[in-house]
Amino acid sequence: IQHFKELLENNNLSQFINETPYFSPIFFIHIGETSTVIKFVRYLLDQGFFVNTFIYPAVPKSGGGLRVLINNHHNMKDLDNLAETLVYCFSKFRLF
């Protein structure tokens with residue numbers, strides 16, 4: 001969990017993460033509009049990453065995002081690859 005948090009921070013993605021007050025393996029990554037969230041998730045799926053979405057009406061229209069859950073089946077390389085792919089997606093969809 002700490003490794004993934006550090007990867008996000010080192011790649012300037014921590015601004016998109018809703019921090020929890022406790023050490024949690026669940027990360028909410030804010031993306032924005034539903035259409036962008038769907039494009040983001042499709043790209044991640046094509047790259048072999050399965051993440052859940054939160055989109056309207058579960059969240060406000062511009063509050064959509066991804067829920068990433070880290071578990072004991074993920075290794076450091078998996079987390080490195082996911083962080084690298086997230087950086088690419090944020091750039092591709094011009095979110096930073």
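**Note on the predicted model**

1. Just after helix α2, G48 takes a positive phi of about 95 degrees.

2. Helix α2 covers residues 34-46. The buried residues in α2 are T36, V37, F40, V41 and L44. These residues cover an arc of only 130 degrees around the axis and therefore lie on the same side of α2. An α-helix has 3.6 residues a turn, so residues three or four places apart point the same way. R42 and D46, on the other side of α2, are exposed. As for what the buried side meets, the buried residues of α2 pack against β2, β3, β4 and α3.

3. In what order do the strands of the sheet stand? The sheet is open and has four strands in the order β1-β2-β4-β3, with antiparallel pairing. The edge positions belong to β1 (17-18) and β3 (52-54); each has a single partner strand, so one side of each has no neighbour in the sheet. Helix α3 (residues 76-92) packs on this sheet and touches β2 (26-32) and β4. The direction of α3 makes about 15 degrees with that of β2.

4. Two of the strand pairs can be checked bridge by bridge. Strands β2 and β4 run antiparallel and are joined by six bridges. Within that pair, F27 has V68 in β4 as its bridge partner. Strand β4 (residues 64-69) is also joined to β3, by three bridges, and this pair is antiparallel too. There, T53 stands opposite L66 in β4.

5. The loop between β3 and β4 holds P57. The peptide bond from Y56 to P57 is cis, with omega near 15 degrees. Most residues other than glycine have a negative phi, and most peptide bonds are trans. A reader going through the backbone may wish to look at this bond alongside the residue in the next point.

6. N12 follows α1 and lies in the loop between α1 and β1. Its phi is near 60 degrees, a positive value in a residue other than glycine. Is N12 buried or exposed? With a relative accessibility of 53%, N12 counts as exposed, because the cut-off for exposed is over 50%.

7. Helix α1 (residues 2-10) has F4, K5, L7 and L8 as its buried residues. They cover an arc of only 160 degrees around the axis, so they are on the same side of α1. The elements covering these buried residues include β1, β2, β4 and α3. Strands β2 and β4 and helix α3 are also among the elements against which the buried residues of α2 pack.

8. T85 is placed in helix α3. Its relative accessibility is 12%, so T85 counts as buried; the cut-off is under 20%. Which residues does T85 contact, apart from its neighbours within four places in sequence? They are Y43, L44, Q47 and F49. One of these, L44, is itself a buried residue of α2.

9. Taken as a whole, the protein has three helices and four strands. From the N terminus on, these elements run α-β-β-α-β-β-α. Among contacts between residues at least 6 apart in sequence, 68% join residues at least 24 apart.

10. On overall dimensions, the C-alpha atoms fill a box of roughly 30 × 30 × 25 Å along the principal axes. A compact globule of 96 residues would have a radius of gyration near 12 Å, and the protein has 13 Å, so the value agrees with that of a compact globule. Of the 96 residues, 36% count as buried.

Key
Residues are numbered from 1 along each chain as its sequence is written. This is a predicted model: local features need pLDDT of at least 70, side-chain atom pairs count only at pLDDT 80 or more; totals for chains, interfaces and linings use all residues. Side-chain values use heavy atoms; hydrogens and water are left out. Two strands pair if DSSP finds at least two bridges between them. Contact means heavy atoms within 4.5 Å. Axes are lines fitted to C-alpha atoms, for helices over the stretch in contact, and angles run from 0 to 180 degrees between N-to-C directions. Buried means under 20% relative accessible area, exposed over 50%, partly exposed in between (1.4 Å probe, protein chains only). The expected span of a helix is 1.5 Å times one less than its number of residues. The arc is that of the directions from the helix axis to the C-beta atoms. The radius of gyration is taken over C-alpha atoms; the globule rule is 2.2 Å times the number of residues to the power 0.38.
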